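Please find below my comments on the model under discussion. They are set out as numbered points, to be read beside the coordinates.

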Amino acid sequence: MIEPIGNQYVVARPVYSANAFGEEHKKKHRHHKTLLDHLKKWFRCSAQKAKRIALSLFPIASWLPAYRIKEWLLSDIVSGISTGLVAVLQGLAFALLVTIPPSYGLYAAFFPVIIYFFLGTSRHISVGPFPVLSMMVGAVVVRLTPTADTADSTATNSSVANDLSLDEHKVMVAATVTILSGIIQLLMGVLQLGFVVIYLSESLISGFTTAAAVHVLVSQLKFILQLTVPAHADPFSIFKVLISIFSQIEKTNIADLVTSLIILLVVFVVKEINQRYKAKLPVPIPIELIMTVIATGVSYGFDFKNRFNVAVVGKMKSGFQAPITPNVQTFQDTIGDCFGIAIVGFAVAFSVASVYSLKYDYPIDGNQELIALGVGNIFGGSFRGFAASTALSRSGVQESTGGKTQIAGLLSAVIVLIVILAIGFLLEPLQKSVLAALALGNLKGMLMQFTEIRRLWRKDKYDCLIWVMTFIFAVVLGLGLGLAASVAFQLLTIVFRTQFPKCSTLANVGRSNIYKNRKDYSEMYEPDGVKIFRCPSPIYFANISFFKQKLIDAVGFSPLRILHKRNKALKKIRKLQKKGLLQVTQKGYICTVDGFKDSDEELDNDNIEELDQPINTTDLPFQIDWNADLPVNIVVPKINLHSLILDFSAVSFLDISSMRGLKTILQEFIRIQVDVYIVGTDDDFIEKLARCEFFDDEVKDSIFFLTIHDAVLHILMKKDYSTSKFNPSQEKEAKLDFTINTNGGLRNRECQVPTETKF
């Protein structure tokens, strides 16, 4: 029963052990579903299930009929046009990161958007090229064309099958990687594996994208300076590229450099204006489009290509080409890279989609997102595109310009289509350095994530360490190996967190049923002879030794050492008693010898197996008080502990190896007459111990109690304590006082009755 008294409450109930609670409150029989039950449910057919599957596979069927034409159409048109213009420029720019001709970036900005319109669940993200994925695909392309000179678009590679040109070979590799990545995403979606994104923490993604931004920055320097830089795809490649750039810095094309710096300066200033006055501007200033038009016109009008020898976009093929047949050998060579590309692409898209879904209150489905991205990449790769996800800046444009649904995305694809079919030739005079500068202009947000370090350090040092190490791995080892190393390191931090948990000793606060770390509060109460130890993590094979050492530190002695000492002392006492040299009176021991010492042979017979056994004094005519003075020179450490409570409320699981170690620990304490109690475990925990034959004559299932306070009250009643052990200062300042009823209930001191015994 619970009695509210103002802002306090009084609880009156019996002291419950796990067994007592189970006897009084019978559990219902629950049928746990087997694998067969799940399979039956999975393959069961019904009209409702068919409708639900259809709506989940084609989310457009759920939101398109409810489309508000008058309210949303104009906003979607404005957003679609703005986003489409940005998508064209980013497609051209990010194609440079893949080391393929810029025109192929338009295919990556078109096909995935069309597919996502029908299959995607987010209404606001803009699907298409993303610099991190472009870098990862580009690294694979470079690795599979090691003799290629990426700065020379006319070079050929004699090792390429069927005498394909170098650019065609690169496009084929990029497309094949994209198709395989899409297949992996599609399979993961069909198999409902969307949960894998949880293994990429926010800190890891932030550190990885920041490192990718650094890679993008370094990779664009050769276009800005127009230098011939050999391609590198192995670890430490970023340093090799920098060495190559600075070793030939005197060959810089000044026209490209000046143009890039002007573009960067204007883009940064206008983007800052857009950010600062976004509440007052009806739509963000489309600075990328404006600068592209101006740069293209200036380059064409002043004939920059011939006068200053600048590198330009060059021939833009109109229309679409026939689908390709993927190269099976490339599949085999890039399977590991494709897994990384598939997971990173999904993680980034899902993260951005989650932000907008929370902001506008609509659901998204991770598994359906995998299917949409997978099918989009398969189609995009088949038509010579490269891997797509979503760019944060492009999605921001689509949302900030008023986009309400994926109608805006469809219209952005129409803008890209117009460029592909009709006006692409107008971009042929555009300098590649301008595209590189525009790509760098979109990196500001990614590079600004360096500020995350300070925030993470204040909040969680492990997360900060993950960010820093992810950044270092991705920069030094490259994006592919860096991602794998980062995930491994992140999992390793989880192992460290659980392997070295912050165990603590608890005490009672305010003489209530609240128990906290005794180091955190000044007014604490610990019953004499009782120690409460809390483990805040799972117990498994890797941390059972650490748990045992922390427990020994908390109680102040090793139970195994005490057991060995007592067994040795018992052996001596038996010898004295058998020889008639030892008598026991009411005043203590009377020994007729002044000293006693084992012979060397007898000491050698004290093997560990004998010393580990429980202390057995049944053959003696008297009981031994191990905390009293023992006869002659027999010395055994004294302990003031009679009860140990283990708080396992935060222990989520226990494996077989640690189970044996835990049982050994419990046995060691029990054998030195220290009662051990375990509190806070759920029923499944106890049932698992029973299945594994954890309990025996020494370790019994009666040691489990529901709460710490139940165990403490049980100990106090068992030891028949009649007075509190508070010191005078604590007694004077204590505001709350609870008592133990003879029936185990709790009452406030103001309500106590004469038959009660004080806590």
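Predicted model: local features only at pLDDT ≥ 70, side-chain atom pairs only at ≥ 80, totals over all residues.

1. Residues are numbered from 1 along each chain as its sequence is written, and side-chain values use heavy atoms, with hydrogens and water left out.

2. Helix 10 covers residues 202-225 (helices are DSSP runs of H or I, at least four residues, numbered from the N terminus). Its 24 residues should span 34 Å at 1.5 Å a residue, which agrees with the 35 Å between its end C-alpha atoms (the expected span is 1.5 Å times one less than the number of residues). Just after helix 10, Gln-226 adopts a positive phi of about 50 degrees.

3. A surface patch of positive charge brings together Lys-33, Lys-40, Lys-41, Arg-44 and Arg-52 (patch residues have over 30% relative accessible area and no salt bridge, with like charges joined within 9 Å and nonpolar side chains, namely Val, Leu, Ile, Met, Phe, Trp and Tyr, within 5 Å; a salt bridge is a side-chain nitrogen of Lys or Arg within 4 Å of a carboxyl oxygen of Asp or Glu). Lys-40 belongs to helix 2, residues 35-43, and is partly exposed at 47% relative accessible area.

4. A nonpolar surface patch, whose members include Leu-265, Tyr-277, Ile-285 and Phe-302, has about 760 Å² of accessible area together (Shrake-Rupley method, 1.4 Å probe, only the protein chains shown counting as cover for residues). Helix 12 (254-276) and helix 13 (287-301) are the elements that each give two or more residues to the nonpolar patch. Ile-285 sits in the loop between helix 12 and helix 13, and counts as partly exposed at 32% relative accessibility.

Notes: Lys, Arg positive; Asp, Glu negative; His and termini not counted. Charge placed at Lys NZ, Arg CZ, Asp CG, Glu CD. Buried < 20%, exposed > 50% of the residue type's maximum accessible area, 1.4 Å probe, protein only.
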